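Have a look at the model on the screen.

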Amino acid sequence: QVQLVESGGGLVQAGGSLRLSCAAAGSGFSINRMAWDRQAPGKQRESVATITRRGSTNYADSVKGRFTISIDNAKNTVYLQMNSLKPEDTAVYYCNARVVLLPDVIFNDYWGQGTQVTVSI
């Protein structure tokens, strides 16, 4: 069983910064990749950024140059540094982890509970 615990959301003015964290807790697993998605009111959930265990990253065009995803493999924790925030970044941000369950080498996805990010004008 793997649980994801998110933190770091909140209210910030446009142009400000926030840092989200997501820690994967449990036993008998290895992280394959981690990611952040977001869902704004009335909109579909979209991928924001992904990172593999080896550090390969991918970003949505809307956040390139402003957001940075990073991973601490020793802590099974992923971070999302968000700079130059815009009102359109307002959403609930969800952490996702694709893990390998050991010893049977079964891949599975887990999701965090979501953390609200609100960017005011």
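So, how many bridges join strand 9 to strand 11? There are 3, and the two run antiparallel; strands here are DSSP runs of E, at least two residues, numbered from the N terminus, and two of them pair if DSSP finds at least two bridges between them. In that pairing Ala 91 stands opposite Val 117.

Quick housekeeping: this is a predicted model, with local features needing pLDDT of at least 70, side-chain atom pairs counting only at pLDDT 80 or more, and totals for chains, interfaces and linings using all residues. Numbering goes from 1 along each chain as its sequence is written, and side-chain values use heavy atoms, with hydrogens and water left out.

Back to strand 9, residues 91-101: 8 of its 11 residues are buried, so the rest of the structure largely encloses it. Buried means under 20% relative accessible area with a 1.4 Å probe, protein chains only.

Now strand 4, residues 29-39, which holds Asp 37. Asp 37 is buried but has no salt bridge, and the nearest side chain of opposite charge, Arg 45, is 5.0 Å away. The salt-bridge cut-off is a side-chain nitrogen of Lys or Arg within 4 Å of a carboxyl oxygen of Asp or Glu; Lys and Arg count as positive, Asp and Glu as negative, with His and chain ends not counted.

What does Arg 45 sit over, then? Its charged end is over the ring of Tyr 94, 3.8 Å from the centre, and Arg 45 also lies over the face of Trp 111, at 5.3 Å. The rule: NZ of Lys or CZ of Arg within 6 Å of the ring centre and within 35 degrees of the ring normal.

Methods: Helices (H or I, at least four residues) and strands (E, at least two) are DSSP runs, numbered from the N terminus. Buried means under 20% relative accessible area, exposed over 50%, partly exposed in between (1.4 Å probe, protein chains only).
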